[in-house]
Amino acid sequence: MTPAGAGAAGGTSALTARVRVRLPAQLQKLAQLPAEIVVAVDGAVTQRAVIDALEREHPVLGGTVRDRATDKRRPFVRFFAGESDLSNAPPDEPLPAAVCEGREPFVVVGAIAGG
Amino acid sequence: MSSVRLLVGTRKGAFVLTSDSRREHWEVEGPHFGGWEVYHVAGSKANPERIWASQTSSWFGQVLQRSDDGGKTWAAVGNEFSYEGDPGTHLWYDGTPRPWEFKRVWHLEPSLDDPDLVWAGAEDAALFRSEDGGKSWQELPGLRLHPSGPRWQPGAGGLCLHTILVHPGDPARMVVAISAAGVLSTRDGGSTWAPANRGLRSQFIPEPEAEVGHCVHKVVAHPSRPDVLYMQKHWDVMRSDDWGASWHEVSGDLPSDFGFAIGVHAHEPETIYVVPIKSDSEHYPPEGKLRVYRSRTGGGEWEALTEGLPQAHCYVDVLRDAMAVDSLEPCGVYFGTTGGQVYASADAGDTWAPAVSNLPAVLSVEAQTLP
């Protein structure tokens, strides 16, 4: 299901894209948010721009998916879109059109680790 | 009627325990922040309803929570802990330089008289200060930039700043302790620092009496005699009568002088408590007997306190921030274990009973005495 308002504009348009973001349970609870939210991204829809928007709209999530000092993805957090693991993709690379257009969410996953 | 509130940080959340002044029956609330590690929960001395909690996760980093209603409800405050300038390097376990990197807050130390002022001790070792109730944090970089900083090396738990003592008569005087750098003190509010480890001897480092490099586990002081410090070092229980300028050993007749936690009686500055642990390779009590040892002579001579504590097959640990006292009469003493028990004594340690038995591993215990 596509949340209402997602994907109003996409790609590298100067317009505002409304990007769906799916959060892991721990961050839903921390920020008191549902599993999937929509954030507004101006300009190019990239990992960095989506996380910037996520942190701007929900300040409690600041520093939780990427390190505040280095902007690097936290080691036990992964990013997916559709079938693709984008965890190691350059942060300024445009996200797939399906994410930009609201057909697919940008998925933040807390890695299963620790046995 | 007075009451006591225990603030308990665990591997999987925070718990708040309350009891009346008899301290026999405890109401348990929690977990708050379930699933997250809570290294420390500390209440403001100026406003006991204000409580901070250090919530942290290897997955999602550091969150600082604050309650203004005694732990009933919580809201995240600021979690931006930035090292000032180029953070430089410390030594890694293998002796190679490693860039300073913020990981988590180990200890929170609220001001004695300002409800908005709180200090935070971090891993990698640094001291931060908030003047707005935890919304924003500023590093006191003079500590990390001490000339010995590039030689600091982490203990097994990390390069953590776990002890912050603010002199009650002069808040510009502070003592901090770092594993495994040791003790440092300031007389100017944190601008400049000096090592305060003379008299410590650590066999496991290349220079056993080095200026820095000691694995100090915890330091405590009594508010009425703040210049007297008591230390549980990796091995050795130590005492300083001159605010850390020099130390001497007071392990005396303890069955083991390894341990983490140390406490001081609320009304008797020469009465102190430790929980001996067998060794640094066997983190459990000697002989499987969980014993608190009390010295009424400021160390040196110790008595075992066992009534109500398991005296067979007990293999828990008691971590550095997991002991606390209240200020009722008689003094209440509390400690938490890695087995999830919080033990309470309402008679200064003579007898013990579990306040709660099956929490996640306990990382920290603080006691608030409420009017």
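These legends go with close-up views of a predicted model.

**View 1. Where chain A meets chain B.** On one side of the contact there are 13 residues from chain A, and on the other 12 residues from chain B. Helix 1 of chain A (residues 25-31) supplies the largest share of chain A's side, with three residues. Sorted by class, chain A's side is made up of six nonpolar, five polar and two charged residues.

**View 2. The overall build of chain B.** Chain B carries one helix and 30 strands. Its radius of gyration comes out at 19 Å, close to the 21 Å that the globule rule gives for 371 residues, so chain B is as compact as a globular protein of that length. If you look at contacts in chain B between residues at least 6 apart in sequence, 50% of them join residues at least 24 apart.

**View 3. A four-stranded open sheet in chain B.** Here the strand order is 4-5-6-7, and the pairing is antiparallel. Strand 4 (37-43) and strand 7 (75-76) of chain B sit at the edges with a single partner strand each, so one side of each has no neighbour in the sheet.

View 4. Strand 6 of chain B (residues 61-67) pairs with strand 7 of chain B in the antiparallel sense, over two bridges. Look for B:Gln65, which stands opposite B:Ala76 of strand 7.

**View 5. Helix 2 of chain A and its cover.** This helix spans residues 47-57, and its buried residues are A:Gln47, A:Ala49, A:Val50, A:Ile51, A:Ala53 and A:Leu54. What lies over them?

**View 6. Inside the largest nonpolar core.** This core has 140 residues, and those with the most contacts inside it are A:Val50, B:Val8, B:Tyr334 and B:Val342. A:Val50 is also one of the buried residues of helix 2 in chain A.

**View 7. The surroundings of B:Val8.** Leaving out residues up to four places away in sequence, B:Val8 touches B:Ala14, B:Phe15, B:Leu17, B:Val41, B:Gly336, B:Val342, B:Leu359, B:Val362 and B:Val365. One of these, B:Val342, is itself among the residues with the most contacts inside the largest nonpolar core.

Conventions: Residues numbered from 1 in each chain as written. Chains lettered and ligands numbered in written order. Predicted model: local features only at pLDDT ≥ 70, side-chain atom pairs only at ≥ 80, totals over all residues. Contact = placed C-beta atoms within 7 Å. Nonpolar A, V, L, I, M, F, W, Y, C, P; charged D, E, K, R; others polar. Pairing = 2+ DSSP bridges. Rg over C-alpha atoms; globule rule 2.2 N^0.38 Å. Buried ≥ 20, exposed ≤ 12 C-beta atoms within 10 Å, placed from the backbone. Core = buried A, V, L, I, M, F, W, Y, C linked by C-beta atoms within 7 Å.
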